[in-house]
Amino acid sequence: MTVSSTPAPANRPPIADPAAPPSLCAREPHVPAERLVAEMVPPPRFDSVRFSTYIPDPNQPSQTEAVHVLESFAAGLGGAHAGGKGTVRRGFLGFGRAKAPKAPTGPRGVYLDGGYGVGKTHLLASLWHATPAEPALKAFGTFVELTNLVGALGFQQTVRTLSGHRLLCIDEFELDDPGDTVLVSTLLGKLVEAGVALAATSNTLPGKLGEGRFAAADFLREIQGLSAHFRALRIDGEDYRHRGLPEAPAPFSDEQVTKAAHATEGASLDDFPRLLDHLARVHPSRYGALTDGLKAVCLTGVRPVPDQSTALRLVVLADRLYDREVPVLASGLPFDRLFSEEMLKGGYRKKYFRAISRLTALARDAKRLVAPGEAP
């Protein structure tokens, strides 16, 4: 028996294929404030790092010294909150005047001063893990994540939220955006007043990128009144930039990427230009939630980003994917051609170089998603 099928009316939307890969463009996560703060922990790739897993270069004694200083700093944060919060002792039968614990003495901040590739983030994450306080009382994030938190919660709410913390770690403190630097410096001032201990690393100023220099003087100058609260720890070692950027692997075809997306459980599939447009409609603080549950990201039609605002949003997405170790399979142009020569010579070039490096690493991880014999 032959069964004829009647085509659906033209005005009826097509039925979604339940077997089709999910699209990032279809996601518009709404992240509650408490999740934004709860997720301020070291990235998954730094879950297991500790001071004991940091292998100092025997030719660089400053690396060993930094470990010892940071271990002592962490141990010193095990007492009362410097703002006086903690257990109080009362008089006989609980009556009498409450006596607040003595606040810790000495610098309440450390700045890890060193070139790229010497393990500053490893040490910063180790400090977070070693600080004797429950995770809810410690926060770890990049400078960009901290500014995104302020954007999502507002300045006063961010101060209230973080003031009860024992420690705040800031990785890659940005010295190339004067407005954001003033914003975060003001925030840190409020947190220091509340007794929060601080730890930070930073990048170099734009005009000094590539000189293999250290950034402590720049950092201490930019945070102005906070400089007295920081002890700078110099960490000598080889600067990975002297080895050059890794060459991005050759992209696959649209057909290969699409086929791999359908064959890989937990993979998303998106057209790259559409994804860039979608990122403009999602607050960067939600980019982590945008990737929830994904095992791979598949992109077709990769091409140069059209402007700096779009490029900076892509940098944040690249950071979140790298933190979560999500491989990225792509067609179109290789990732080392994402940013224009003007962008790579401008004030945000360090961010763009980092994004290229991270996306390149994720692209190499994604090669396993394509069947053998289908290499580009």
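Three strands, in the order β6-β7-β8, form an open sheet with parallel pairing; strands, like helices, are DSSP runs numbered from the N terminus, with at least two residues (E) for a strand and at least four (H or I) for a helix. Two strands count as paired if DSSP finds at least two bridges between them. The edge strands are β6 (267-271) and β8 (328-332), each of which pairs on one side only. From one strand to the next, the twist averages 15°.

The model described here is predicted: local features need pLDDT of at least 70 and side-chain atom pairs count only at pLDDT 80 or more, whereas totals for chains, interfaces and linings use all residues. Residues are numbered from 1 along each chain as its sequence is written, and side-chain values use heavy atoms, with hydrogens and water left out.

Within this sheet, strand β7 (residues 296-302) runs parallel to β8 and is joined to it by 4 bridges. One of the pairs to look for is Val 297, whose bridge partner in β8 is Val 328. Helix α8 (residues 254-263) packs on the sheet and touches β6, β7 and β8, where contact means heavy atoms within 4.5 Å. The direction of α8 makes about 160° with that of β7; axes are lines fitted to C-alpha atoms, for helices over the stretch in contact, and angles run from 0 to 180 degrees between N-to-C directions.

The loop between α11 (308-323) and β8 contains Glu 325. Most residues other than glycine have a negative phi. Glu 325, although not a glycine, has a positive phi of about 55°. Glu 325 is partly exposed, with a relative accessible area of 46%; the classes are buried under 20% relative accessible area, exposed over 50%, and partly exposed in between (1.4 Å probe, protein chains only). A positive phi is also found in Glu 172, where the value is near 60°. Glu 172 lies in strand β3 (residues 167-173) and is buried, with a relative accessible area of 15%.

Attention now turns to strand β1. Strand β1 (residues 109-114) is mostly covered, with 6 of its 6 residues buried. In a regular strand the side chains alternate between the two faces of the sheet. In β1 both faces are covered: Gly 109, Tyr 111 and Asp 113 are buried on one side, and Val 110, Leu 112 and Gly 114 on the other. Strand β4 (residues 197-202) runs parallel to β1 and is joined to it by 3 bridges, with Ala 200 of β4 as the bridge partner of Tyr 111. Strand β5 (residues 230-235) also pairs with β1 in the parallel sense, over 6 bridges. In β5, Phe 230 stands opposite Gly 109.

A pair of helices comes next. Two packed helices are described by the angle between their axes and the distance between the axes. For helix α4 (residues 143-153) and helix α5 (residues 155-162), the axes come within 7 Å and cross at roughly 115°. The contact is made by Leu 146, Leu 149, Val 150 and Leu 153 of α4, together with Phe 155, Gln 157, Thr 158, Thr 161 and Leu 162 of α5. By class, this contact of α4 with α5 has 6 nonpolar, 3 polar and no charged residues; Ala, Val, Leu, Ile, Met, Phe, Trp, Tyr, Cys and Pro count as nonpolar, Asp, Glu, Lys and Arg as charged, and the others, Gly among them, as polar.

Helix α4 is largely enclosed by the rest of the structure, because 8 of its 11 residues are buried. Among these buried residues are Phe 143, Val 144, Thr 147 and Asn 148. Just after α4, Gly 154 takes a positive phi of about 95°.

Leaving aside residues up to four places away in sequence, Lys 367 touches Pro 249 and Phe 252. Lys 367 and Phe 252 are 115 residues apart along the chain, and their C-alpha atoms are separated by 9.2 Å.

Finally, a search of the whole structure finds 0 disulfides, a disulfide being a pair of cysteine sulfur atoms within 2.5 Å. Cys 25 is buried, with a relative accessible area of 13%, and Cys 169 is buried at 0%.
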